Amino acid sequence: MAQIPEDVFFASISEITAKLRAKDFSAVELTRAFCDRLERVGPRYNALALSLREQAIRKAKDVDDEIKRDRFRALTGIPYGAKDLLAVHGHPTTWGAKPYAGQVFDDDARVIEKLDKAGAILIGKLAMVELADIAIPPHRLPVPV
């Protein structure tokens, strides 16, 4: 198993992609390293709402198979975290609010679908301020008085 250098956590997507292409490490090794770091540092800063380690490792194995066949997409093997306002099929989406703790959607948010198709690997849902940034449809906005 390759040791992931600390500078990879601050590297650009291009730099990480080059290292994946050069086989400096596998997508599984990279994903495990990012999951480890998020699970270690995330609670200290109240940044991690939900780890998706198991799902991420499964996806990374599929990505490694693609890399072996020299198939690369725009974000192949790039780990990322998504704010907990984005729906991820089968996992809670709480918007940072306790009343929504049991809310589970049947589909992924469109942006999650697009990132998945681009080869990115979702490693966790990130904590957020309660109900922050929830888009309100224009017809539901309060009317100014």
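A crossover is called right-handed if, with the strands pointing away from the viewer, the path from the first strand over the helix to the second runs clockwise. In this predicted model, strand 2, helix 4 (residues 110-117) and strand 3 make a β-α-β unit of that right-handed kind; helices (H or I, at least four residues) and strands (E, at least two) are DSSP runs, numbered from the N terminus. Because the model is predicted, local features need pLDDT of at least 70 and side-chain atom pairs count only at pLDDT 80 or more, while totals for chains, interfaces and linings use all residues. Residues are numbered from 1 along each chain as its sequence is written, and side-chain values use heavy atoms, with hydrogens and water left out.

**Strand pairing**

- Strand 2 (residues 79-83) and strand 3 (residues 121-126) run parallel and are joined by five bridges, where two strands pair if DSSP finds at least two bridges between them.
- Within this pairing, Ala82 stands opposite Lys125 in strand 3.

**Salt bridge at the strands**

- There are seven salt bridges, each being a side-chain nitrogen of Lys or Arg within 4 Å of a carboxyl oxygen of Asp or Glu.
- One of them joins the side chains of Asp84 and Lys125 (3.1 Å, N to O).
- This pair links distant parts of the chain, with Asp84 in the loop between strand 2 and helix 4 and Lys125 in strand 3, 41 residues apart.
- Asp84 is buried, having a relative accessible area of 3%, and Lys125 is buried at 0%, where buried means under 20% relative accessible area, exposed over 50%, and partly exposed in between (1.4 Å probe, protein chains only).

- The side chains of Glu113 and Arg110 meet in a salt bridge (3.2 Å, N to O).
- Because Glu113 and Arg110 are three residues apart in helix 4, about one helical turn separates them.
- Glu113 is partly exposed, with a relative accessible area of 28%, whereas Arg110 counts as exposed at 52% relative accessibility.

- Glu39 and Arg53 form a salt bridge through their side chains (2.9 Å, N to O).
- Here too the pair links distant parts of the chain, since Glu39 lies in helix 2 (residues 27-41) and Arg53 in helix 3 (residues 53-68), 14 residues apart.
- Glu39 counts as partly exposed at 29% relative accessibility, and Arg53 likewise counts as partly exposed at 22%.
- Asp36, Glu39 and Arg53 are linked in a network of salt bridges.
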